[in-house]
Amino acid sequence: MISSNAALYVLVFLISQTVFADWVQTALRLTGESESVRRKSIESLRNESALEDKLRNALKTPRKFLALDVISALKMQSMLPDLIAYSGDDQSGATYLAINALTTVGNRNDVAELYKRRLLRPSRDSIGVTSQVIMLDTLARMKEPLHSRQVKELMLSPHFEVRSAALYYIRHLTLGKKVTEIEPAFLECVRHAFKSSPYQLRAQALALYKEYPNDVKSELSDDLAFCDSEKEESVRAACKEFRH
Amino acid sequence: MSLRKPFLFSSVIVAAIALFFLLRPQKKEIVYSEWAPIVGEIKTAHEIPEAERAKSACFQTYSRLYSKPDLHVAVIFGYKDARPARFVGDRYERLMLIEQLLQSCPDDRSLCGFTRDEDDAETFHKTIKGLDKKSRKIVLQVMASAVSPDDDENKKDPFQLWQSERTSKNFIAAIQKADVVLYNGHSRDGGGPDFAPPKLANRNHVSYSWYQSKRPGVALLEQGLKEKSYRASLLGLFSCVSENHFERILSTERTRLATITQKNLVYYAEALRQVTGTLTALLGMWCEPGFQSAIQAESKGGTASLKGFFKN
């Protein structure tokens with residue numbers, strides 16, 4: 001006959017196996033739920049045993065996106081070396097978003113240097129276009145200075161989204177400045193975008209023109225002549241909206 | 001009375017509770033590859049013997065879908081903010097899909113080998129063989145709503161206003177002019193689909209009461225479906241609980257518009273896999289079991305609901 005102590009032990013074990021969800025189920029509640037559910041999920045994950053090992057293993061599987069969300073939400077600084085190592089092969093770019101979430105005042109310069117090294121090397125296409133765009137967007141928001149030659153190179157990328165991100169970088173570094181404070185090469189890049197394909201880049205450059213102060217607009221106004229012969233309807237609308 | 005009987009009684013109650021949790025339906029383990037769906041044996045419409053074609057819902061469905069020389073597909077990412085955080089992700093998700101489209105096709109994969117239009121960054125082309133062995137041109141439009149990953153910056157940027165207006169208009173136009181329309185974005189608690197920075201309440205949370213009251217996205221859907229000669233025969237709404245939120249409007253079109261909707265909340269990586277799964281299955285002309293597996297983005301079961309697509 002089973003002793004009452006043994007029965008109690010079995011019952012507690014059964015309950016522990018069924019009632020307490022694993023890290024995956026908890027992690028899925030980090031998004032799409034209320035703030036209180038998210039807070040409880042974060043607390044629960046902090047108490048998960050051997051979480052770092054579980055997340056390290058998950059980074060090598062399709063569950064990596066969830067693992068990266070957990071690392072970001074819990075601000076797991078101890079995982080930063082793993083992320084940096086893993087990001088070199090991550091074609092999706094999602095690892096860079098997690099690195100961004102772990103960027104602090106203390107490690108900001110190291111992250112910026114890492115991104116510049118990877119983004120500006122000749123073999124950058126081996127790291128995937130999404131990764132390139134995420135890194136360039138991050139450098140833009142950091143207002144991290146790049147040499148104008150490097151920006152011009154990115155504006156000539158074979159990938160449209162990299163060219164668009166380069167123009168976004170220029171926006172961040174030039175907005176709010178007088179024409180005498182802006183690197184001439186950056187204005188050259190904006191002029192180049194006015195004449196570029198695809199049409200989305202022309203529209204983006206027009207929107208940037210609209211945001212500039214009058215002295216910068218004067219510098220660029222002659223280059224808007226393309227509006228007179230623009231074939232794409234939405235860009236003609238942008239010309240009308242942003243030119244004046 | 002000894003303590004033994006009450007203890008045994010309590011143990012039985014606890015055991016019953018434990019058994020209930022053991023036997024209740026568990027959330028399914030999600031297992032899938034990077035982006036392509038993992039499925040079992042796949043049968044395609046190409047493989048259906050001639051003698052069976054007249055009665056085959058699979059063959060008849062794809063015959064109708066590919067009846068014209070061009071198949072137009074629109075994939076439109078809504079504005080995928082993560083409020084109260086500033087991050088907006090749809091621009092990156094779109095790019096993850098595009099990287100896959102532009103890869104060469106090393107095997108019998110179908111979601112690859114596309115070329116991008118020279119002057120339109122959002123349009124991609126590919127040629128495949130129809131069921132009659134003649135060529136079909138696939139025209140695939142892939143749009144995102146956000147112009148940057150920062151919601152605070154987007155709200156100040158005139159380019160964002162331009163892009164949101166275009167994406168909304170293109171969503172309506174796609175229902176009218178494309179054969180397949182797939183939306184991957186927020187449901188806004190029934191106020192979506194949404195292609196613009198969110199209306200916020202206090203402490204930077206989305207104002208769901210505003211969306212429930214105004215329902216701007218539903219107005220877009222209704223506008224798209226208003227023109228009764230609309231071309232779309234399949235509409236996918238890959239957004240949280242879309243089956244429940246948009247059932248009223250979709251049920252009125254069920255005889256002519258097949259739908260893919262979500263029963264539950266959906267994680268962003270899962271939604272992206274469901275979109276790639278749907279495109280893979282459509283381009284490969286997968287019959288229903290494989291198609292169902294592909295849209296679930298996992299090997300068995302899931303949260304996506306396909307209605308009205310396969311029929312004779």
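Two strands pair if DSSP finds at least two bridges between them. Helices (H or I, at least four residues) and strands (E, at least two) are DSSP runs, numbered from the N terminus.

**Entry: the model.** I noted that this is a predicted model, in which local features need pLDDT of at least 70 and side-chain atom pairs count only at pLDDT 80 or more, while totals for chains, interfaces and linings use all residues. Residues are numbered from 1 along each chain as its sequence is written, chains are lettered from A and ligands numbered from 1 in the order in which they are written, and side-chain values use heavy atoms, with hydrogens and water left out.

**Entry: strands of chain B.** I looked up β2(B) (residues 115–116) and found an antiparallel pairing with β3(B) over 2 bridges. These two strands form a hairpin with 6 residues between them. Arg116(B) has Phe124(B) in β3(B) as its bridge partner.

I then followed β3(B) to β4(B) (residues 135–143), where the pairing is antiparallel over 7 bridges. Ile128(B) stands opposite Arg136(B) of β4(B). This hairpin has 5 residues between the strands, and Lys133(B) takes a positive phi near 70° there.

Why is β3(B) largely enclosed by the rest of the structure? I found that 5 of the 7 residues of β3(B) (residues 123–129) are buried, so the strand is largely enclosed. Buried means under 20% relative accessible area (1.4 Å probe, protein chains only).

**Entry: Ala205(A).** I located Ala205(A) in helix α13 (residues 199–211) of chain A. Ala205(A) counts as buried because its relative accessibility is 0%. Leaving out residues up to four places away in sequence, I listed its contacts (heavy atoms within 4.5 Å) as Leu167(A), Val190(A), Ala193(A) and Phe194(A). His192(A) is 13 residues from Ala205(A) along the chain, and their C-alpha atoms are separated by 9.1 Å.

How values were computed. Buried < 20%, exposed > 50% of the residue type's maximum accessible area, 1.4 Å probe, protein only.
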